[in-house]
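Colleague: I have a few questions about the labels used for this model. Can you take me through them?

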Amino acid sequence: MQTSHSAAVVPTKSIFHSKTFWGAVLTAIASLAPVVAKNIENYQNTGRIDPNSVSQIVVVLATTGLTILGRIEVKEAVYTPDGLPGADKPKAE
């Protein structure tokens, strides 16, 4: 006896197996490293932290968080235009 499902079953995988997740994390690290290094040097020389650097850190962390959240909450397959890297739209759709 066969059972039919109205929705396609989407396989699950750990977020830690996601290239999007690791790309976002590594981009955040690459973006934050120079800002943090400059802030540390500035603090050692002046005893003050630059508020602009702090706001840059907040922006990078917020956008990285949104990228990861978008990856976690994805419900549908995403296709790219023909010729670009990534999955092409199936011919039947």
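Modeller: This is a predicted model. On α2, the face turned away from the buried side carries the exposed residues P51, N52, V58 and L66.

Colleague: Which residues of α2 are buried?
Modeller: They are S53, V60, T64 and I68.

Colleague: What do the buried residues of α2 pack against?
Modeller: They pack against α1, residues 19-46.

Colleague: How many residues does α2 have, and what span does it reach?
Modeller: Helix α2 runs over residues 51-72 and has 22 residues. From first C-alpha to last it reaches 31 Å, close to the 32 Å expected at 1.5 Å a residue.

Colleague: Now the rings. What makes F16 and F21 an aromatic pair that is edge-to-face?
Modeller: The search of the whole structure finds three aromatic pairs. For F16 and F21, the centres are 5.5 Å apart and the planes are at 90 degrees. Pairing needs centres within 6.5 Å, and edge-to-face needs planes over 60 degrees apart, so the label holds.

Colleague: Why does F16 count as exposed?
Modeller: Its relative accessibility is 52%. Exposed means over 50%, so F16 qualifies.

Colleague: And why is F21 called buried?
Modeller: F21 has a relative accessible area of 12%. The cut-off is under 20%, so F21 is buried.

Colleague: What kind of pair do F21 and W22 form?
Modeller: That pair is edge-to-face too, at 4.8 Å centre to centre and 80 degrees between the planes. Ring pairs link F16, F21 and W22 into a cluster.

Methods:
Residues numbered from 1 in each chain as written. Predicted model: local features only at pLDDT ≥ 70, side-chain atom pairs only at ≥ 80, totals over all residues. Heavy atoms only, no water. Phe/Tyr/Trp six-rings, centres within 6.5 Å; stacked < 30°, edge-to-face > 60°. Buried < 20%, exposed > 50% of the residue type's maximum accessible area, 1.4 Å probe, protein only. Helix = DSSP H or I, 4+ residues; strand = E, 2+ residues; numbered from the N terminus. Expected span 1.5 Å × (residues − 1). Contact = heavy atoms within 4.5 Å.
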